[in-house]
Amino acid sequence: MELIQQIIERAKSNKQRIVLPEAEEERTLTAADRVLADDIADIILIGNPEKVNALAEEKGLKNIGKATLIDPLNCEKSEEYAALLAELRKKKGMTIEQARELVKNPLYLGCMIIKTGDADGQISGALSTTGETLRPALQIIKTAPGITCVSGAMLLITKKPEYGENGVLVVGDVAVTPMPDANQLSQIAVCTAQTAKSVAGFEDPRVAMLSFSTKGSATHEVVDKVIEATRLAKEMDPTLKIDGELQADAALVPSVGKKKAPGSEIAGNANVLVYPNLEVGNISYKLVQRLGDAIAIGPILQGIARPVNDLSRGCSVDDIYYLVAITACQAMDAK
């Protein structure tokens, strides 16, 4: 996969510090060993040192010694982290005692390490739910400036080089916000374009705001939402190349784009697709993946001030390895 190799090379060019808070999990530790062997990122492992080292020895992992290993129950900065967490959450009534307990949780501890500038991103989910991954990130790291809506982008690598960026498309939201309003949808558009730059390496993201209507061919309140979101996205980022509302064929096929949306610089040339809601996005990418034999990489969480990404609990070692590289690319852009 050429794109994946490009992402790995980009990560190697400016190594970031990535936290893996599920270090006692076999796939995670194996992936960490590969990342360290290939010099893709500096790895911070959170887990019981005896268990982590015993697992590494059992699996014959030779590079784990290059990682920084932190025991969540015996971290030298625990009190510093607890004091900061209590301060961050004092309006929610958090006490220092509660904060001390929370920083023993590897997912919270990892986010505190990022918050204090000692790491650049985090990946979890091999053992944890999406909610467990997102909760500390939103409480501690919070969303990026101007963003209130977290979303998930997907890289679609198709066998159709005539579409997107030589067959590659970046699409969102496919993972987080079920029914975004116009303001949230505009944020998803801006964030997905940024992911196209930082992760997929697109020099020129061209965003199509998808709908069942193209330029007034149908009228409905959901079409109005897409039109308003397009306007708001342009206000958020005046440099963004974006147009909508566009049907999928008008967004991707030059001849259809010219016919349905004459004069649009996006119609027929889009490489970033923004879905009107999560239901459409999730169904669409899975259909393309299964029926079109495309490779789907993600979801890549976006909108958080520093990258925190979520794995499926059914993930493979490869999934974790690739997501470390992706998170590293996001981290470079977030600085």
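Predicted model: local features only at pLDDT ≥ 70, side-chain atom pairs only at ≥ 80, totals over all residues.

Reader: How many disulfides does the structure hold, and where is the nearest cysteine sulfur to Cys-315?

Author: The structure holds 0 disulfides. For Cys-315, the nearest cysteine sulfur is that of Cys-111, at 18 Å.

Reader: Why is Cys-329 called buried, and why Cys-315?

Author: Buried means under 20% relative accessible area. Cys-329 has 2%, so the word applies. Cys-315 has 5%, so the word applies there too.

Reader: What makes β8 and β10 edge strands?

Author: The open sheet has 6 strands in the order β8-β7-β9-β6-β5-β10, with mixed pairing. β8 (241-246) and β10 (295-302) each have a single partner strand, so one side of each lacks a neighbour in the sheet. On average, neighbouring strands of this sheet are turned by 20 degrees against each other, direction ignored.

Reader: How do you know that β5 pairs with β6 and with β10?

Author: A pair requires at least two bridges between the strands. Between β5 (residues 151-157) and β6 (residues 168-172) there are 5 bridges, and the two strands run antiparallel. Between β5 and β10 there are 6 bridges, also in the antiparallel sense. Both pairings therefore meet the requirement of at least two.

Reader: Which residues stand opposite Leu-155, Ala-153 and Gly-152?

Author: On the β6 side, Leu-155 stands opposite Val-170, and the bridge partner of Ala-153 is Gly-172. On the β10 side, Gly-152 has Leu-301 as its bridge partner.

Reader: Why is β5 called mostly covered, and which way do its residues point?

Author: Of its 7 residues, 7 are buried, each thus under 20% relative accessible area. Ser-151, Ala-153, Leu-155 and Ile-157 point one way from β5, while Gly-152, Met-154 and Leu-156 point the other way, and all are buried. In a regular strand, side chains alternate between the two faces of the sheet.

Technical notes
Residues numbered from 1 in each chain as written. Heavy atoms only, no water. Helix = DSSP H or I, 4+ residues; strand = E, 2+ residues; numbered from the N terminus. Axes fitted to C-alpha atoms, helices over the stretch in contact; angles between N-to-C directions. Disulfide = S-S within 2.5 Å. Buried < 20%, exposed > 50% of the residue type's maximum accessible area, 1.4 Å probe, protein only.
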